[in-house]
Amino acid sequence: MIAAQAKLVYHLNKYYNEKCQARKAAIAKTIREVCKVVSDVLKEVEVQEPRFISSLNEMDNRYEGLEVISPTEFEVVLYLNQMGVFNFVDDGSLPGCAVLKLSDGRKRSMSLWVEFITASGYLSARKIRSRFQTLVAQAVDKCSYRDVVKMVADTSEVKLRIRDRYVVQITPAFKCTGIWPRSAAHWPLPHIPWPGPNRVAEVKAEGFNLLSKECHSLAGKQSSAESDAWVLHDAWVLQFAEAENRLQMGGCRKKCLSILKTLRDRHLELPGQPLNNYHMKTLVSYECEKHPRESDWDESCLGDRLNGILLQLISCLQCRRCPHYFLPNLDLFQGKPHSALENAAKQTWRLAREILTNPKSLEKL
């Protein structure tokens with residue numbers, strides 16, 4: 001048994017050193033290329049509208065606010081200056097979303113974003129995004145990379161297609177540090193020893209982002225009354241990227257995630273796009289809860305952890321539900337075609353079986 005485990009870990013490490021590191025290097029090269037173009041566009045935006053200041057800075061070989069969705073798809077979060085006192089309201093009526101409401105209507109003029117505040121006193125995510133989209137469209141025509149970059153049409157999101165190979169979504173956002181959303185108040189679960197109190201404090205201090213993007217929990221939802229019409233359009237999407245990164249430090253967690261992403265890119269890039277990197281990241285967090293001891297994430301346990309996550313992924317695909325780690329009412333498979341999820345379950349099962357029964361097959365995977 002131990003020999004079989006050791007064999008699997010040996011082949012997984014080999015896979016990591018060869019395939020995962022090559023993937024990382026290729027993506028890092030793409031990011032540098034893409035960020036040159038995006039920075040140039042954002043510089044033009046800033047000239048036209050100084051409230052949209054680019055926050056795309058390179059630190060320790062990584063760009064703050066940049067998420068890799070797949071090797072050809074990226075999201076850049078553009079942090080806005082908040083100025084003005086808003087109440088953060090997430091009452092659970094919109095899973096994964098929240099609204100920002102002026103805490104004192106008379107102070108409307110104190111806000112940097114006064115013209116984006118609705119009559120009811122909400123700061124409209126959609127109005128800010130719409131203004132930003134107009135500015136980016138103008139900047140694309142003026143920037144020095146205009147021959148290789150164009151706006152993606154037919155979407156309310158701000159998306160750029162670069163060299164006809166890459167798509168970058170630029171999302172205006174507010175950073176919320178030092179507060180924690182009510183909809184995530186159940187975390188951490190009281191009966192689970194992971195993560196320890198120090199890590200919990202770090203994660204909560206890291207806070208979350210509020211993104212101006214289409215809210216998936218609104219898909220197909222009709223306004224039941226005029227009073228909640230604003231909710232459908234002005235809500236902000238909660239994002240916990242930095243908190244999740246902090247949680248997954250230590251042991252073989254990052255290595256495990258890197259292997260999962262590489263397997264996804266090579267074998268689970270399927271019609272209907274049922275799976276992305278974020279699903280993998282979410283399942284690693286759940287696996288950390290199931291195996292709370294640090295010794296469970298020792299290098300020698302890499303095979304067990306990977307196997308556990310792949311089986312959990314199959315289960316989620318078969319149930320057609322993958323709850324967000326911090327916001328379990330939010331289903332990350334919402335809106336995905338059932339046939340695509342079924343197909344992904346079959347492919348993942350094939351992959352898991354192959355790796356378990358014949359670790360050497362990783363050389364070909």
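Axes here are lines fitted to C-alpha atoms, for helices over the stretch in contact, and angles run from 0 to 180 degrees between N-to-C directions. Helices (H or I, at least four residues) and strands (E, at least two) are DSSP runs, numbered from the N terminus. The model is predicted, so that local features need pLDDT of at least 70 and side-chain atom pairs count only at pLDDT 80 or more, whereas totals for chains, interfaces and linings use all residues. Residues are numbered from 1 along each chain as its sequence is written, and side-chain values use heavy atoms, with hydrogens and water left out.

**View 1. The packing of helix H1 against helix H2.** Two packed helices are described by the angle between their axes and the distance between the axes. Helix H1 (residues 2-48) and helix H2 (residues 125-142) pack at about 115 degrees, and their axes lie 8 Å apart. The crossing of H1 past H2 is right-handed, a term for the near helix being turned clockwise from the far one by less than a right angle, with anticlockwise giving left-handed. On the H1 side the contact (heavy atoms within 4.5 Å) is made by Val41, Leu42, Glu44, Val45 and Gln48, and on the H2 side by Phe132, Leu135, Val136, Gln138, Ala139, Val140 and Lys142. Sorted by class, eight of these residues are nonpolar, two are polar and two are charged; Ala, Val, Leu, Ile, Met, Phe, Trp, Tyr, Cys and Pro count as nonpolar, Asp, Glu, Lys and Arg as charged, and the others, Gly among them, as polar.

View 2. Ser285 counts as buried because its relative accessibility is 1%, where buried means under 20% relative accessible area, exposed over 50%, and partly exposed in between (1.4 Å probe, protein chains only). When neighbours within four places in sequence are left aside, the residues in contact with Ser285 are Trp194, Gln248 and Tyr325.

**View 3. Strand S8 with its partners S7 and S9.** Two strands pair if DSSP finds at least two bridges between them. Strand S7 (residues 149-151) and S8 run antiparallel and are joined by three bridges, and Met151 has Leu160 in S8 as its bridge partner. S8 also pairs with strand S9 (residues 166-176), again in the antiparallel sense, over four bridges, with Lys159 standing opposite Gln169 in S9. Three residues lie between the strands in the hairpin of S8 and S9, where Arg163 takes a positive phi near 50 degrees.

**View 4. Strand S11 between covered faces.** In strand S11 (residues 236-239) both faces are covered, and Trp236 and Leu238 on one side, like Val237 and Gln239 on the other, are all buried. Strand S6 (residues 97-102) runs antiparallel to S11 and is joined to it by two bridges, with Ala98 opposite Trp236. Strand S10 (residues 208-211) pairs with S11 in the antiparallel sense over three bridges, and there Leu210 stands opposite Leu238.

**View 5. Salt bridges in the model.** The structure holds 24 salt bridges, each defined as a side-chain nitrogen of Lys or Arg within 4 Å of a carboxyl oxygen of Asp or Glu. One of them joins the side chains of Glu363 and Lys14 at 3.4 Å, N to O. This pair links distant parts of the chain, 349 residues apart, with Glu363 in the segment after helix H9 (338-357) and Lys14 in helix H1. Glu363 is partly exposed, with a relative accessible area of 37%, and Lys14 is partly exposed at 26%. The side chains of Asp164 and Lys150 meet in a salt bridge of 2.9 Å, N to O, and this pair links the loop between S8 and S9, which holds Asp164, to strand S7, which holds Lys150, 14 residues apart. Asp164 counts as exposed at 55% relative accessibility, whereas Lys150 counts as partly exposed at 43%. In the salt bridge of Arg293 with Asp296 the closest N and O atoms are 3.3 Å apart; Arg293 is exposed at 55% relative accessibility, but Asp296 is buried at 10%. Arg23, Arg264, Asp265 and Glu269 are linked in a network of salt bridges.
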